[in-house]
Amino acid sequence: MAELEPADLTAVAIQVAEQAAQHVRTRRPEVFGSGVTKTDAPQSVSTKSTDTDPVTIVDTESESLVRGLLASLRPDDAVLGEEEGGSVEVPSGVRWVIDPIDGTVNFLYGIPAYSVSVGAQVNGRTVAGAVVDVVRGTTYSATRGGGAYSDDGSGPVRLRTNPIDKVGLALVATGFGYGSARRRVQGELISALLPHIRDVRRIGSAALDLCMVASGAVDAHFEHGLSPWDWAAGSLIAEEAGAVVTIPDATSRSAAGNVTLAMAPGIADELGELLARLGALEPIPD
């Protein structure tokens, strides 16, 4: 199949992400009922990198759904997903990079902050993407060169980062790894950063954090150890909303510990210099 225009790929990303989000939304009460921890449905939860890194049956169902939809809509494209994997090397042409539930711990505990992320990369560069906030029912999307938008069902709204120009007033989102060694370093960095900014937020879904930079709900996001499925769609949404964005190489994985960074442009130079001075731009490998 010939490559489509990026806007056409965005339409596919939105369609697929919204269908997967509806599945996730429906399945949570079916799997967990009114319970909020993994002990309520132990057969539905396993772990990956550490005991604190869960995967649920709904994660795997959601990824299978997305892969099936993409196989129908874009049968010649490659796919990289969090649960079923894919080639580390970047293929030529279109590759879909998917996170079937970004924020699985939140999903598991019933905390209403988790998302489905679907990004389309061409030669390793994201050109289209969609992130659906499952609980709120809001879809964030972007096309490279075409802007970023949110849609809560009442129509698309153009996204722009906050017009902030003082780091001391910045609300900064971040996240933490699953391994104790990386967490220790991340905790030290946050301790050093806090005196210089307004505050921090730890939402628990990197894709939503990046969309929050785009919408102005936070002013910046930085996090070490994300994989492509965590940032593929959200980083483009933030960038198209005006953020200054730094992402790892498309072949990078969590273990390398590279930083993902998105900042409102008015604070990008000052915050970037501050993070560099604190050592927060250096990798934190597992």
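The following paragraphs lead through the structure from its overall form to a few selected residues.

This is a predicted model, in which local features need pLDDT of at least 70 and side-chain atom pairs count only at pLDDT 80 or more, while totals for chains, interfaces and linings use all residues. Residues are numbered from 1 along each chain as its sequence is written, and side-chain values use heavy atoms, with hydrogens and water left out.

The chain has 7 helices and 14 strands, where helices (H or I, at least four residues) and strands (E, at least two) are DSSP runs numbered from the N terminus. Its radius of gyration is 18 Å, close to the 19 Å that the globule rule gives for 286 residues, so the chain is as compact as a globular protein of that length; the radius is taken over C-alpha atoms, and the rule is 2.2 Å times the number of residues to the power 0.38. Along its principal axes, the C-alpha trace spans about 50 × 45 × 40 Å.

Of the 286 residues, 52% are buried, a term that means under 20% relative accessible area, with exposed set at over 50% and partly exposed in between (1.4 Å probe, protein chains only). Among the contacts in the chain with a separation of 6 or more, 64% are between residues 24 or more positions apart, contact meaning heavy atoms within 4.5 Å. The chain exposes about 11700 Å², of which carbon and sulfur atoms supply 52%; these areas come from the Shrake-Rupley method with a 1.4 Å probe, and for residues only the protein chains shown count as cover.

An unreviewed UniProt entry places the feature "binding site" at Glu 82, Asp 99, Ile 101, Asp 102 and Asp 230; positions are given in the numbering used here, feature names are shortened, and annotations may be inferred rather than shown by experiment. These residues span 149 residues in sequence, yet no two of their C-alpha atoms are more than 9.7 Å apart, so they gather at one spot.

Two of these residues can be followed further. Ile 101 lies in strand E4 (residues 94-102) and counts as buried at 2% relative accessibility. Leaving aside neighbours within four places in sequence, Ile 101 is in contact with residues including Glu 82, Val 24, Phe 107 and Tyr 114. Asp 102 is also placed in strand E4, and is buried with a relative accessible area of 6%. Not counting residues up to four places away in sequence, Asp 102 touches, among others, Asp 230, Ser 205, Ala 206, Ala 207 and Leu 208.

Ala 206, Ala 207 and Leu 208 lead on to helix H5, where they are among the buried residues. In this helix (residues 206-215), 9 of the 10 residues are buried, so H5 is largely enclosed by the rest of the structure. Just after H5, Gly 216 takes a positive phi of about 90°.

Ala 11, in contrast, is partly exposed, with a relative accessible area of 44%, and has its place in helix H1 (residues 6-32). Ala 11 and Ala 128 are 117 residues apart in sequence and 8.6 Å apart in space, C-alpha to C-alpha.
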